[in-house]
Structure formats: structure tokens, C-alpha cells
Amino acid sequence: MSQRNNWQISATGRLNQNSALRVARKMSGAWLIAFPTTCLIGQWLINKQVLEKIILADYFLIAFGNLLIGYAALLPLLRIGKKRPEVWSLEEGQNADQAETVSLLLGGTTIRFVGTIALVVLCRYHISSPDRTIALATIFWFALLTLVSVSSTSGEATRSK
């Protein structure tokens, strides 16, 4: 077996249902630090004319909506390790746990992507901030929470038992 296959088998074997909860805690912590920090930094760095167009309640809804989408993207990870009937045929040498883990991670990515698009559309029609502000805030929170989620999940996959 090559070194690459050894890493994949051992890494996917370490993800479990508790991994999703630990990743959610790290995302919550990052959100609790980033939200007030960005609000304070915005007060000092953003021009007064631009700042008047940004409504704090709208920014909070965008940030909180992205956090909820991040939680929803972790829901497929709760299925890791649950017994279910074999529904796909595997080629020789392919690990069933790997295939399941990859499909669950892709499901979470799809939830995050579709949820973010839905959030942008919802915000465009229901909050009074300019479209550019909505887009920038959504992209910022998408990038930040995705970064925390991916780094935490990879850390969970490679951590020792």
C-alpha cells in the first residue's frame, strides 16, 4: 500500500459523530470572536458615508445566517459511522468508509453552497442594505466559516485517537 492510501484510510477512520460537534464549537467560537471584532474595526476603518448605508441588524442577520448554514453543512458528518446497508459496489482495494466519508463531506459542501445562495437571495429582497454590502458581507462570512470548518475537519481527521 502506498503512503497516500495509508493516510486516507487512517484519516477517514478518525472522523466520527463527535467530530461534527467539535467543528461546530470551533465555528461558534470563531463567529463569537469575529462578529464583534468586525463591528468594532468597521467603526474605525469604514468611511462615515459608507457606514451610514450599513445597518448593524442587517449585518448581524447575514453573519448569523451564515453560521446557521455552517451548522447545516455539518449535519451529514453526524451520519459517519452509522450502520447502513451496502448500496454501492466497490472496486477492489477501495475502502467503504472512505467512500462514505467523501460523499458526506460533499453533501455538506453542497448544503453550504446552496444555503449561501439562498441567503443572498433572501437578503436582497428582505433587508434594506445595498446589494454590494450584502454580497461583501456574505462572501466574508462564507470564506471565514468555511476556512474554520475545513481546517477543523481536517484537524479532526488527522488527530490521534
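Reader: Which residues of helix α2 are buried?

Author: In this predicted model, Ser-19, Ala-20, Val-23, Ala-24, Met-27, Ser-28, Ala-30, Trp-31, Ala-34, Phe-35, Cys-39 and Gly-42 are the buried residues of α2. Buried means under 20% relative accessible area, exposed over 50%, and partly exposed in between (1.4 Å probe, protein chains only). Helices (H or I, at least four residues) and strands (E, at least two) are DSSP runs, numbered from the N terminus.

Reader: What conventions apply to numbering and confidence?

Author: Residues are numbered from 1 along each chain as its sequence is written, and side-chain values use heavy atoms, leaving out hydrogens and water. Because the model is predicted, local features need pLDDT of at least 70 and side-chain atom pairs count only at pLDDT 80 or more, while totals for chains, interfaces and linings use all residues.

Reader: Why is Cys-39 called buried?

Author: Its relative accessibility is 19%, and the cut-off is under 20%, so Cys-39 counts as buried. Cys-123 has 5% and therefore also counts as buried.

Reader: What span does helix α2 have, and what is expected?

Author: Helix α2 covers residues 17–45, 29 residues, and reaches 41 Å from its first C-alpha to its last.

Reader: What makes Arg-22 and Glu-156 a salt bridge?

Author: Their side chains meet at 2.9 Å, N to O. A salt bridge is a side-chain nitrogen of Lys or Arg within 4 Å of a carboxyl oxygen of Asp or Glu, so the pair qualifies. The pair links distant parts of the chain, with Arg-22 in helix α2 and Glu-156 in helix α6, 134 residues apart. Arg-22 is partly exposed at 22%, whereas Glu-156 is buried at 3%.

Reader: How many salt bridges does this rule give?

Author: The count is two. Asp-131 and Arg-124 also meet in a salt bridge, at 3.3 Å, N to O. Asp-131, at 39%, is partly exposed, and Arg-124, at 44%, is partly exposed.

Reader: Why is Ser-149 called buried, and what does Ser-149 touch?

Author: Ser-149 has a relative accessible area of 10%, so the term buried applies. Ser-149 lies in helix α6 (residues 131–158). Contact means heavy atoms within 4.5 Å; leaving out residues up to four places away in sequence, Ser-149 touches Val-23, Met-27, Leu-74 and Arg-112.

Reader: Where is Thr-116, and is Thr-116 buried or exposed?

Author: Thr-116 is in helix α5 (residues 96–126). Its relative accessible area is 10%, so Thr-116 is buried. Leaving aside neighbours within four places in sequence, Thr-116 is in contact with Asn-66, Ile-69, Thr-138 and Phe-142.

Reader: Why does Tyr-125 count as exposed?

Author: Tyr-125, in helix α5, has 61% relative accessibility, and therefore counts as exposed. Tyr-125 also belongs to a nonpolar surface patch of about 530 Å², made with Phe-113, Val-114, Ile-117 and Val-121. Patches are made of residues with over 30% relative accessible area and no salt bridge; like charges are joined within 9 Å, nonpolar side chains (Val, Leu, Ile, Met, Phe, Trp, Tyr) within 5 Å. Accessible areas come from the Shrake-Rupley method with a 1.4 Å probe; for residues, only the protein chains shown count as cover.

Key. The expected span of a helix is 1.5 Å times one less than its number of residues.
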